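Me: Please pick one part of this structure and take me through it closely. I want the pairing, the packing and the charged contacts around that part, in plain steps.

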Amino acid sequence: QVQLVESGGGLVQSGGSLRLSCAASGSVSSIGAMAWYRQAPGKQRDLVAIIARGGRDEYADSVKGRFTISRDNAKNTVDLQMNSLKPEDTAVYYCNAVNEWYPGRDYWGQGTQVTVSS
């Protein structure tokens, strides 16, 4: 089992920046790619950014050029640097880790609230 603990959410004005962090513990050798998702009220949970163990990353079109995902395999952490934040970025952000031992049984953090005021 893997535990994911997020930190770094909060309230920021439009145009501001926040950095989210996620630390994994437990059976970390089972982790493949790591990602950040977000879910706004009344909407589905969507992928924001994903990074492979080797560092290849991909982003949702809505955040390209503003958000940067990074990971430290030695520390079992994944971060999301969010710049030029917009009110539409307001959501609960979830850390995700792909379970390579049992595909489909991914790990999730508890979520951290990001609120961007206009």
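Reply: A salt bridge here is a side-chain nitrogen of Lys or Arg within 4 Å of a carboxyl oxygen of Asp or Glu. Glu 58 and Arg 56 meet this cut-off, with their closest N and O atoms 3.7 Å apart. The model is predicted. By this rule it holds five salt bridges.

The part I pick is strand 4, residues 31-39. Start with burial. Seven of the nine residues in strand 4 are buried, so the rest of the structure largely encloses this strand.

Next, the pairing. Strand 4 has an antiparallel partner in strand 9 (residues 91-99), and seven bridges hold the two together. One of the paired positions is Tyr 37, whose bridge partner in strand 9 is Tyr 94. Strand 4 also runs antiparallel to strand 5 (residues 46-51), joined by five bridges. Ala 35 stands opposite Ile 50 of strand 5. Trp 36 has Ala 49 of strand 5 as its bridge partner.

Strand 4 and strand 5 make a hairpin with six residues between them. In that turn, Gly 42 has a positive phi of about 75°.

Follow the sheet one step on. Strand 5 pairs antiparallel with strand 6 (residues 57-59) over three bridges. Glu 58 counts as partly exposed because its relative accessibility is 45%. Arg 56 counts as exposed because its value is 63%.

Now the packing. In soluble globular proteins, nonpolar side chains tend to be buried together. Here the largest nonpolar core has 28 residues. The members that touch the most others are Leu 4, Met 34, Trp 36, Leu 80, Met 82 and Tyr 93. Strand 4 is among the elements that give two or more residues to this core. So are strand 1 (2-7), strand 3 (18-26), strand 5, strand 7, strand 8 (77-82), strand 9 and strand 11 (112-117). Leu 4 gives a direct view of how Met 34 is packed. Its contacts include Met 34, along with Cys 22, Cys 95, Tyr 107 and Trp 108, when residues up to four places away in sequence are not counted.

Arg 38 lies in strand 4. Which residue does Arg 38 meet in a salt bridge? The partner is Asp 89, at 2.9 Å from N to O. This pair links distant parts of the chain, since Asp 89 sits in the loop between strand 8 and strand 9, 51 residues from Arg 38. Arg 38 counts as buried because its relative accessibility is 13%. Asp 89 counts as buried because its value is 0%.

Asp 89 has another partner. Arg 66 forms a salt bridge with Asp 89, and their closest N and O atoms are 2.8 Å apart. Arg 66 is in the loop between strand 6 and strand 7, 23 residues from Asp 89. Both residues of this pair are buried. Together, Arg 38, Arg 66 and Asp 89 make a network of salt bridges.

Contrast that with Arg 71. This residue lies in strand 7 (residues 67-72). Is Arg 71 buried or exposed? It is buried, yet it has no salt bridge. The nearest side chain of opposite charge is Glu 100, 7.9 Å away. Arg 71 has polar contacts instead. Its side chain reaches the backbone oxygen of Ile 51 at 3.2 Å. A second contact, of 2.7 Å, joins the side chains of Arg 71 and Asn 73.

Not counting residues up to four places away in sequence, it touches Ile 31, Gly 32, Ala 33 and Met 34, among others.

Technical notes
Residues numbered from 1 in each chain as written. Predicted model: local features only at pLDDT ≥ 70, side-chain atom pairs only at ≥ 80, totals over all residues. Heavy atoms only, no water. Buried < 20%, exposed > 50% of the residue type's maximum accessible area, 1.4 Å probe, protein only. Helix = DSSP H or I, 4+ residues; strand = E, 2+ residues; numbered from the N terminus. Pairing = 2+ DSSP bridges. Lys, Arg positive; Asp, Glu negative; His and termini not counted. Polar contact = N/O pair within 3.5 Å; in protein donor to acceptor, adjacent residues only side chain to side chain. Contact = heavy atoms within 4.5 Å. Core = buried A, V, L, I, M, F, W, Y, C linked by side-chain atoms within 4.5 Å.
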